[in-house]
Every structure is written in structure tokens, then in C-alpha cells.
Amino acid sequence: MTTATLAVGGSARRVLDAVWPPALFGVAFLVIWEGAVKVFDLKPYFLPPPSSIWAEFTGNLTLIRDAAWVSGANAFVGLLVGTVLGVAVSFLLMRFRLLNDMVTPLAIALNAVPIIVLVAVFNNMFSSTSEIPRRLMVTLVVYFIVLVNVAKGLRQVSPIHLELLRSYAATPVEVIRKARIPNAVPYLFTALKIAAPAAVITAFVAEYFGGPQNGLGSRIVSNIAASRNAVAWAYVVGACLLGLTFYLVSIAMENITTSRHHTSRGDDSRGSGPGGGTT
Amino acid sequence: MRSELVHPAVAVAGVSKVFNRGSANQVDALVDVDLVVAPGEFVSLIGPSGCGKSTLLRLIAHLIEPSSGNVLVNGKSASQARLDQEYGMAFQQAGLFDWRSVAKNVELPLELKGWDKKRRAARAREMLELVKLGDFVDHRPWQLSGGMQQRVAIARALAAHPPLLLMDEPFGALDEMTREHMQAELLRICDETRTSVVFVTHSIPEAVYLSDRVVVMSPRPGRITDVVDVDLGRDRDDDTREDDAFYRKIIEVREALRNGGHDTTVDHETVDPDAVGHPLLGVDDR
Ligand SMILES: Nc1ncnc2c1ncn2[C@@H]1O[C@H](COP(=O)(O)OP(=O)(O)O)[C@@H](O)[C@H]1O
Ligand SMILES: [Mg+2]
């Protein structure tokens, strides 16, 4: 009991230690920004001060929230479908080695290419009021990130584990259940940590390519076009908060599973833990 | 009458193993190997790197197939013996599953045998007490030291009470003190469980301390060049390591290793002790 309390106290302390330096920096940044606008008499169309952005943010809170809901739903649906597809196909790749050798290099390459431009093509395929092109775009981005990582987790099982399972006369299905899937779990969460912010960014940017004008991305564009700069910035704040939410949720999910599965061990005997997104 | 009393624990007859046959990097890993391990016997395989020790062990375990010859384990074909979990195996790396608790690691071979939960848990606890880790049932593998992890691996290898234990340099990564402690523990456990062992090692003292017989191997091509009987009795402890008889056996194994592959007969009277080298140094320590 006492050790648990100590651990909680310790981690709260660590969170605090990690939070205050960037928080201090952020506050200082806002103060300097506000001061610079005043001192150099910058025009609002060039750069509005944080105080008026904040005023627009609180004043338009329901509008911003509704727009965030639209963009967030696009990101969420794409994240969900892309993850399910990515996991499903990585199982296929595990099963068929040749397919894996063909698809994996392609998927890795696609992760490094700005495939978001495809949304213009998707927009052309559906009606102008449809959210489908954006969701399709998010799905595609998430799909490749999840595919590359989970396929790696399913494949890169310790050779010793495989030999042990063979010595226990394990069937191929048992090898998948006892070694490959548990091994891939941390890889999935690494993928989600990369894919969650990517999903939100993709959802915003996809709105710049046309389609219905109801999300945060579209609102930023339309407010800039109408010279309502501070309002546009207020939507930018909303976009940042939404991206942060997605990221924090993915980290929280990872923490919950890692505390059950692999906790921070000093050395990884397999040499390579869950890797980055696109390598 | 129990079947393992009738059959040898291991019977390897005329076994050869060629890797990459016909290609430029063909390796004759083993040539014409014969080896019989009696029930309850402790046999070590020793020899320089690349002489085929691991290959021989993996053939017995049916992790690979021989190119020619025949392997029987407890009277069954190697493949049938593997399917029946007639042996347990341990490697230099403990190879524990990080996402499982210590007890669940030990239970894994039993899960694959289809044992029910209660029986598995009872056996895992029994095995962990045998290796003196009864207090660590719910720990995670990465919370244990290297020596403790290796003991979990041994408990796992013995969980199904197999009549045979196959070990490939299981103590190779441990420090000397832990290593000697583990050797004594292994002898105690094998005596208690009446398990036969085939044990691969680089260390001459380790081989002599543990074994009833030391099988000396030599590379290019991998083969058995000598077998040294270690008649030091079954009750071995730390004093055994300081025995004259122990030193003499070490020198005997060392000479067998030096002469491995060459057909020079050694005249024991004329051997210069310095030429033989320090008896406590391992093969690869030179
Ligand atoms: N799967 C394999 N493919 C090709 N060559 C192998 C393979 N396994 C072992 N060898 C070769 O067989 C020889 C014996 O290897 P091994 O049994 O591992 O030796 P030891 O365990 O005595 O060091 C070595 O030359 C090694 O390179
Ligand atoms: Mg070896």
C-alpha cells in the first residue's frame, strides 16, 4: 500500500517536473507575442494579439466546438477504419511471406510521400457535401502507419521463442496466439501514437481541398478569406486542442497496456523494440 | 515398468548434418555421430565454437532434421518425442515471455499440453519452489536478475516432468559465482527429478563438475573425438571443485580437446604441464 502511494506520488511529481518548464515557456511566449503586437503596432490582419484571439475563442466557443466535432469525427472514423484494416492486412502479410515482401517496402515508401494530395481526386469521386473523401484520406494515412508497424511486430518474434514453441509442439495458430500477437501489441500502440496526430492533421488539411465548409480546417480558410484573422486564429487554437486530445488519448491507451504488458525494462534482449513509424 | 528404464534417454546413431548442401557455403556440421545417453545420466558436449554442439542438441530436439542417420529419444523417433514433449529445453538466453508473469511462463508448456488452469498453477508453483523462486510467482521476468531468469527457464523446461533436459550453454551469460551456484542447483534438481541431461558448454570445469560423461567434439567437420568418464560419484559439492581427482579430470578433458582431430597419441609421462596450460581455463579462454 505504501509503495503504491509512493509510486503514485512519485509519478505525480515527475509529471509536474515535466510540465512546468514548457508551461513557463508557453506563458512567456504569449506575453512576448502580446507585447510585440503592442510595441511594433502590428496590424490585426498581419498578426492579432493573443488577447483578441482568446476573446474570439471564448466568444465563438459553440461554433468552434461544432466544427471540432465535424473534423474530430472524420479523424476518428478514419483512425478506427484505418487501424482495423491495417491490423487485418498485417495478419495477411504474416501468413503470406511473398505478399509481405511485395507490400511492406511499398507501404514504407508511401508513409514518406504526401499522399494527402489524393484527397483532390477523392473529392472528385463523391458529391461536394460528402465527408467520405476526407474520411477515406484519413483511413489511408492511418492504414499504412498501422500496417507497417503491426506487420513488423508480428514478424519480428524472438527466434528463441519460436524454437521453444516448436519444442512444445505448438501448432501454427498457437504460435500466433502465444508469441506473435502479444509481441505485436506494443507495436500497435507505437503505431497509434504516430497515427492519432496524423489522423487529425490529415482531417484538417483535407478540408483545404474543398468539400463541405463545416470543419475546423474549412473555417480557418473561410475566416482568413473574410479577413477575420483573429477568428481564424481562434479556430487554429481549437485545432491544436483537438490534435492534443487525440495524442493524449493514444498515450493514455499505451500506458494502460504497457503497465499490464511490457514495462520499461532496461535492456531489450531482442535488440529491437517497437520501432518508429516509417522505418 | 516405466518405459524410460528400458530405453536409453537418447540414442543417436550414424547421424550427419550438412547445411546448404551443394552450394558454395556447404557446411559439414556433423559427420557420423554416435551417442547413447542412459536414463538419469548427465552428459556434456564440449568443444570449440562451430564444432556442432548446438546442431547435435537441435537434432535431438527435432528442431532440425538429420541429413542421414537416426535419432531416438526415450525409444521414440525424435519427431514423436517432440510432439509428446519428452524433453525440456533451455538456452543461453532465458527466452522468457515478457508479457507473462513468472508463473505463466512456467505454465506455457503445460498450456500447450492442454492442462487445465488449476493443475497448471499448482505445477508452476511446485517447479518455482524447486528452483527456489516460490516468492516470485507473480513477478515479471524483467524484474528478476539474470540468474533468477535462468532458473525460471529451467523450471519451465522441467514443468511437464520430461525425462530429458536439453541445455545449450544455459549458464554462459552468468557471472562465475552465480554460475557455480546454478551448477550445484541443477545437479540437485536433476537428482530429485531423475532427469537425464544433455548439456552444451564451453567450460571444462563446468563439464567435469556436472557430468557423468564428457563428450569431446572437434570442428571441420564436426564430430565426436573422445569421451571422458567422470567417475567422481553423484554427491558433488563445493569441495569437489578442490579435489585432486577433479583437477585430474580437467586435465584429461583438456588434453582430449587439444588432441581433438589429430591422431597423435599422448604419452602422459612426457607431457609438459605448461604446454597443457592452466587446467581451469576453458577452451575458448585461450
Ligand atoms: N542453420 C544453419 N545454416 C547453415 N550453417 C549452420 C546452421 N547452423 C549451424 N551452422 C554451421 O554449422 C556449424 C556448427 O554450428 P553449431 O552447431 O552452432 O556449433 P557450436 O554450437 O558447437 O558452436 C558451424 O559452422 C555453423 O556455422
Ligand atoms: Mg552453440
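1. Pro8(B) sits in the loop that runs between helix H1 (3-6) and strand E1 (10-19) of chain B; helices (H or I, at least four residues) and strands (E, at least two) are DSSP runs, numbered from the N terminus. Pro8(B) is partly exposed, its relative accessible area being 31% (buried means under 20%, exposed over 50%, partly exposed in between, with a 1.4 Å probe and protein chains only). Pro8(B) and Pro39(B) are 31 residues apart in sequence, while their C-alpha atoms are 5.7 Å apart in space.

2. On conventions, this is a predicted model in which local features need pLDDT of at least 70 and side-chain atom pairs count only at pLDDT 80 or more, whereas totals for chains, interfaces and linings use all residues. Residues are numbered from 1 along each chain as its sequence is written, chains are lettered from A and ligands numbered from 1 in the order in which they are written, and side-chain values use heavy atoms, with hydrogens and water left out.

3. The residues surrounding ligand 1 include Phe19(B), Asn20(B), Val27(B), Ala29(B) and Lys53(B) (a residue is near a molecule if one of its heavy atoms lies within 4 Å of it). Strand E2 (27-37) and helix H2 (53-60) of chain B each supply at least two residues of this shell, and H2(B) gives the most, with 3 residues. By class, the shell has 4 nonpolar, 6 polar and 1 charged residues.

4. Which distances separate Lys53(B), Ser54(B) and Thr55(B) from oxygen atoms of ligand 1? For Lys53(B), a backbone N or O atom lies 2.9 Å from such an oxygen.

5. The whole structure holds 4 cavities of 30 Å³ or more; on a 1 Å grid over the protein atoms alone, a cavity is a set of points where a 1.4 Å probe fits but cannot get out, and lining residues have an atom within 4 Å of a point. The largest cavity contains about 50 Å³ of space. Its lining includes Tyr168(A) together with Gln85(B), Tyr87(B), Pro109(B) and Arg156(B). Strand E6 (87-90) and helix H6 (146-158) of chain B each contribute at least two lining residues. By class, the lining has 7 nonpolar, 2 polar and 1 charged residues.

Note on methods
Polar contact = N/O pair within 3.5 Å; in protein donor to acceptor, adjacent residues only side chain to side chain. Nonpolar A, V, L, I, M, F, W, Y, C, P; charged D, E, K, R; others polar. 1 Å grid on protein atoms, 1.4 Å probe; cavity = no way out; pocket = protein on both sides within 12 Å on 5 of 7 lines; lining within 4 Å. Points joined across faces, edges and corners; volume = space filled by probe spheres on them.
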